[in-house]
Each structure stands twice: as C-alpha cells, then as structure tokens.
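Open the model in your viewer and keep the sequence panel beside it. This tour goes from one selection to the next and says what is there.

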Amino acid sequence: MSPRTWQLQRAYLLALALLVGGMSALAAFTLVRLRSDAIANGLSMSAMHSRGFEDLLTQSLHLIDLVAVSTLASAPKAAQRRELAGRLVTTLQHAPFVRSLSLLDDDGRIAVSSNLGNIGLRVATQNYLPVSSREIGTLRVGAPWAGRDFADGRPSTPDHPVAVAEAYFVPVMRSVELGGGQAATVLVALNPDHFVGHVLQKLQHEEGWVEVLRYDGTLLMHSNPGGQPGMANDRMLATLRLEEREFGQFVSEPGGAPGLLTTFRASRLYPFIVLTHLDREHVLQPWRSSAQSLLGVLVPALLVITLLALAYYRRQLQLAEERAQSERLQRINAASVFTNAREGIMITSAEATIIDVNEAFAAMTGFSREESIGRNPRFLSSGRQGAEFYSAMWRGLLERGQWCGEIWNRRKDGRPFAARLTISAVRDEQGITRQYVGMFSDITGLKEYEQELEVRAHYDALTGLPNRSLLGDRLHQAMSQVLRRGERLTVAFVDLDGFKAINDNHGHEIGDQLLVALATRMKSTLREGDTLARLGGDEFVAVLLDLPDMAASAPILDRLILASAQPVQVDGLRLQISASVGATFYPQDDEVDGNQLLRQADQAMYQAKLAGKHRFSVFSGQSGHTLREAGEQPPATRQTLPAGAPN
C-alpha cells in the first residue's frame, strides 16, 4: 500500500467518522429540541387548564358570596325560620354546584337549612381559612367532609381523609349582615362533583388530573379517582412558594414514577390553589412517534454509508463514484426537505433580501416564489407590531445570531395571520453572517382559540353582555374615572317582572330568546361608554358614566324601563313583561366600594317591586327610597338624595 493510498484511506476514515458523528449529533440535537418544544407546549396547555379551572372555581365562590348576601341581606329582622328556609331552598334550585345552604346560630349549630336533616348539628368553623375574623363579608373555606351533606357526613383530617370511593363536599361559610344590624353566618356545602365533571370534560384521566389545595396544604378536590380529599400536602405547598409567586410551572418526579408537567395558579380572591398535572409520557407520545420515524430513517442510512465505506477499502476505484453519488443524494435530500417541509422557509441575504422560499411559504402567504424573491420581508408586515418590536428582533439576531417568537404577518389577500417564527444567522468560517434562514408555522388557530377562551371568561354566553367578572372590573375603573373628573356615576340594578312565568308557560328556549331581545333593546338605550351587564337569570346591571348630577340619570332609567316593557315577538308569540329598577349613585360622603353599590342598587330594586313594579327606586338610607314610574316627571319641589351622596 503506497503512502498516498494510506493517506487517502486515513482521510476517508476521518471524514466517515465525522459524518457519522455529525449526523448522530444533529439527530440528537433535533430530538432534544423537539422534546423540549413538546414539554413546553405541554406546560402551556397545563397552564391554560389551571387558569380556566381557577377562574371557574373563583367565579363560583364569588357567586356563592353574592347569593348569600342577596338571599339574606334583605330578610326582615323578625323573619321566621320557615321563611328563611324557603329562601334557602329557592336559592339552591339555581346553584347546581351547591348541595345545601344553612344558617348557624351563635353556638355554632345549624338553625335553618335547605336540608332539614342538618338542623341542630354543631359545625366547628375555627379551622376555616382565612383565619377566623369578626369582620362581616369574609368568605372562608373549610376542610372537606365525607358524605353528601352535614347530616350524614364527618369532617376529614390529614390522618383520616375521605376514602377513595366515598362521596364528599367542601364547606364554605360567609358572615352576612341582616336587616336591623343583625349578623348571620351562612354555611354552604359545596358540591365538588360539579367542578370535577367540568374538569373531566377538558382533561381525561390518562392525560392528567387537577387538584385544588387550600393555602394550608389541605386537598379540597381531586379529579383523579385515587385522590383523597382532606389529606395535607405540605411538601407540595413548600414547592409552590406562594409567598413569592401566585402562579408557576415545574416538572415533578413523584416517587420515581413518570414525570408530571405541573402548573399552578392561586385564586385572586379566595384561599385556594389550582394545580394541573399532565402526564409527561402522554405529552411526549407524539414526539416518540417522530423520534422513531427519524431513527428509522437515520440508522439504516448510517449503516449503508458505513458499508459503502468498507467496500471502498477493497475497491479504491469505486471511491470517487460512491462519494459523488453520496454527495448527489445529500443535495437531493436537502432540496427535498426544503421543498416538502410543512413549515414555511425563507432564505435571505445578509442585507435581508429574499433569496429563496419554499412551497409551504407560498401556500401560507399567498405570494409565489417569483413574487417573493428580491424583496425585503417587510412586505409581509401586518402593521400590528411597531418599530420597537422589529428593533428588538434585529438586536437579538445581531447579538445572538438567532431570534424566536410570535409575529403577525399578512397574506396576499390582506388577511392577517399569526406565525411562530425562528430566524437563524448563517455564518462562514470567519464568523461573518452571509445569510439568514427563517422558518415559521401558522398558529392563527391557536390564537383564535385563546381569544375564544378569553371571551368566555368575561362575557355572558347567552346575551353577549359583560358578565359579573367583567362588570366588576369596569365598575372599578368607572369609579376611579368619575373621581378624577369630578363627575357622577349611577349603578342601576334591573330585574325583569314576570319573566319566571314566561319560562314556566313557554319553556326556557322561548325565555332565552326573550332575554336576548330585551338585552339588545336595553343596551341600545344606553349611551356610548355606559355598560350593561348580565348577572344571571333575569338580572342586569347598568353603569352610567359622565353624569353632571344625579337627576341626569332619570331619563336613561326611564328608557331602560320603557324598553323592557315593549312587546317582543318570539316564534309567533307576543310577549310583554316589565322591569323594576333600583339605582344608587357615586361618589358618596361615606367611602363605598363596587360591591356596596351593587347591594344598594339591589335593595332599591326590591323597594320598586314592593311598590308595584314597572318603576325605579333610588337608594337612600336617610329618607327612604324615592319611587318613580317609567316616564313620570320628578316633583319640582323635592329632590331626595341617596345616603352619603354629595349635594
């Protein structure tokens, strides 16, 4: 063997080793990157579930808070237990997530309940969270009880949690101020099956599960049949570090079992945390399929290359031919990947002039290869992101040689689309950037789904009006606005008269159509900037802004009442009802918050109903309620102001 042949063989062996190692390293890097992306997507999905479930539970507890106030706050001072029990039973019919409503006496015994079996039972509430306080209005959450209700239940403890197959409920209490300055304690048996059923609609057992912990680590709810409500999970509580953050994510390894992709979110109002655990093995299943496909191609390819290399040692004359063939195959494969990739690929010069694009790019943008080559990528800009966004992108490219993020572009027909874009700099041996390669995928569907979830969280599904959550935010902003401008706002509580009879006589579908029609009609009577929200059922709240004085709201309230009283044609039926409205004003001499304004308006509405309906009543704690029928002019000699309202 000549020295030259030996040198050629050594060079070939070295090149072969580098080739095999490089392809293996590239495959390993690709698999690791895809695996990281799969885990990141799994954590994002877990975080979305945690946010949705936390919002559902928080809104439900907030609804319980409001139900307790609206049910008992207007009760007469000398109300009989039978009357109070009737109120509780009526309220329970519209709350599927509540098993029972009860009132505790001063000794901690159940005095009145929607479940007669609960009466006389003593219920200890010292360990409810937040810690016991004499302040009225605090919603406190207790540890789970085994059983369907207090009558057949027992409180759980960390040593004796609820059994796996045993029914259970979560007690919640709330102090309410009754008429005449009296206070009462409302005890609620929360139905966890309602929330677990909602979780199972979104997340199957094989995919993962959701658990709800109290701030002291007590397990309140669990969507996995193996969970034991009542157990203390101090280890998980220490992992969350709630004193530092309200939400987060991590990958856990429970006892050597397959890892879990865990995200958590603490309630913004109440002492509980929602944790969503996704099974990492389930999340990585698509990645494994991709990895098997990749390795199924890579391993045979490496084996073939190695066998060809060994054959070269015997037949040196085949070396050039086999090498040339291998290079041709590599070029064909690279071109095939570029052409057939599902992601849009764009190659530009160092000056950001497009050199080439693939078929997926043309399909996503609508611009053909010929229309794109020679242009700057800015022709795809949708205008949704400003100059600062693109400056930060180029700064990242110049500093790190890579940028990855979400960007809004536009198609040829003008429609915008969201893309997940990765741009990498291609540098030569001297480190000088010669080209940029951009790869992107269309994520418009995901963005639309996120927007849909946001709408569901803040708007009423039937009427499209703001729901209770969004109403609270807008009312808070409106109160701050009128204080800055030195103006007034009016909060009007609207309750439809006779709507229950419509539902009973014609069915809920007709009732829903009537609600939609009346909601549209009442909203049209308001001014731009005013808010009309639906609290639920036939209850609405209007927030009227930019009023120079309180009398300016009277014509608007009249229009609301008259609009609700106009006949509505629904499926050939001519339906007509009326509305009773209670109004209160802000600012007042005494400091009040949004919830107090809603309660004042609710009390005034109740007075309007007692006075004959189809009218509005103005809240006034000093001189009673001022009543007016729709369209009636106010007396010129008297103006009754709300309690605490400025002159």
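Contact here means heavy atoms within 4.5 Å. With that in hand, select Leu471, Leu475 and Met479 in H12, then Gly594, Leu597 and Leu598 in H16: these two sets meet. By class, the residues of this H12–H16 contact are 5 nonpolar, 1 polar and no charged. Bear in mind throughout that the model is predicted.

**Stop 1: the H12 and H16 axes**

H12 covers residues 468–485 and H16 covers residues 594–610. Their axes are 10 Å apart, and the packing angle is about 105 degrees. Angles of 65 to 115 degrees count as roughly perpendicular, so H12 is roughly perpendicular to H16.

**Stop 2: the whole chain**

Zoom out. The protein chain holds 16 helices and 25 strands. It has 647 residues, of which 44% count as buried. Now think about contacts between residues at least 6 apart in sequence: 56% of them join residues at least 24 apart.

**Stop 3: H13 against H14**

Select residues 499–506 for helix H13, and residues 508–525 for helix H14. The H13 and H14 axes are 7 Å apart, at an angle of about 140 degrees. That angle makes H13 oblique to H14. Show side chains next. On H13, pick Phe499, Ile502, Asn503 and His506. On H14, pick His508, Ile510, Gly511, Leu514 and Leu515. These residues make the contact. They divide into 5 nonpolar, 4 polar and no charged.

**Stop 4: H14 against H15**

Over 145 degrees counts as roughly antiparallel, so H14 is roughly antiparallel to H15. The crossing of H14 and H15 is right-handed. From H14, select Leu518, Arg521, Met522 and Thr525. They meet Arg559, Leu560, Ala563 and Ser564 of H15. The residues of this H14–H15 contact comprise 4 nonpolar, 2 polar and 2 charged.

**Stop 5: the loop between S2 and S3**

Go to the loop that links strand S2 (110–113) to strand S3 (139–141), and select threonine 125. Is threonine 125 buried or exposed? Its relative accessibility is 16%, so threonine 125 counts as buried. Leaving out residues up to four places away in sequence, threonine 125 touches Leu104, Arg140 and Met173.

Stay in this loop and select proline 130. The peptide bond from leucine 129 to proline 130 is cis, with omega near 0 degrees. Most peptide bonds are trans.

**Stop 6: two strand residues**

Select valine 186 in strand S7, residues 183–190. Valine 186 has a relative accessible area of 2% and is buried.

Move to strand S14, residues 354–357, and select aspartate 356. Aspartate 356 is buried too, with a relative accessible area of 18%. What does its side chain join through a polar contact? Show arginine 369: a polar contact of 2.6 Å joins the side chains of aspartate 356 and arginine 369.

**Stop 7**

Select aspartate 571, in the loop between strand S21 (568–570) and strand S22 (573–575). Phi of aspartate 571 is near 50 degrees, a positive value in a residue other than glycine. Most residues other than glycine have a negative phi. Aspartate 571 is exposed, at 57% relative accessible area.

Next, find proline 587 in the loop between strand S23 (578–586) and H16. Here is another cis bond: the one from tyrosine 586 to proline 587, with omega near 5 degrees.

Finish at lysine 613, in the loop between H16 and strand S24 (615–618). Lysine 613 is not a glycine, but its phi is positive, about 70 degrees. With a relative accessible area of 37%, lysine 613 is partly exposed.

Definitions and conventions
Residues are numbered from 1 along each chain as its sequence is written. This is a predicted model: local features need pLDDT of at least 70, side-chain atom pairs count only at pLDDT 80 or more; totals for chains, interfaces and linings use all residues. Side-chain values use heavy atoms; hydrogens and water are left out. Axes are lines fitted to C-alpha atoms, for helices over the stretch in contact, and angles run from 0 to 180 degrees between N-to-C directions. Helices (H or I, at least four residues) and strands (E, at least two) are DSSP runs, numbered from the N terminus. Angles under 35 degrees count as roughly parallel, over 145 as roughly antiparallel, 65 to 115 as roughly perpendicular and the rest as oblique. A crossing is left-handed if the near helix is turned anticlockwise from the far one by less than a right angle, and right-handed if clockwise. Ala, Val, Leu, Ile, Met, Phe, Trp, Tyr, Cys and Pro count as nonpolar, Asp, Glu, Lys and Arg as charged, and the others, Gly among them, as polar. Buried means under 20% relative accessible area, exposed over 50%, partly exposed in between (1.4 Å probe, protein chains only). A polar contact is a pair of N or O atoms within 3.5 Å; within protein, one must be able to donate a hydrogen and the other to accept it, and residues adjacent in sequence count only if both atoms are side-chain atoms.
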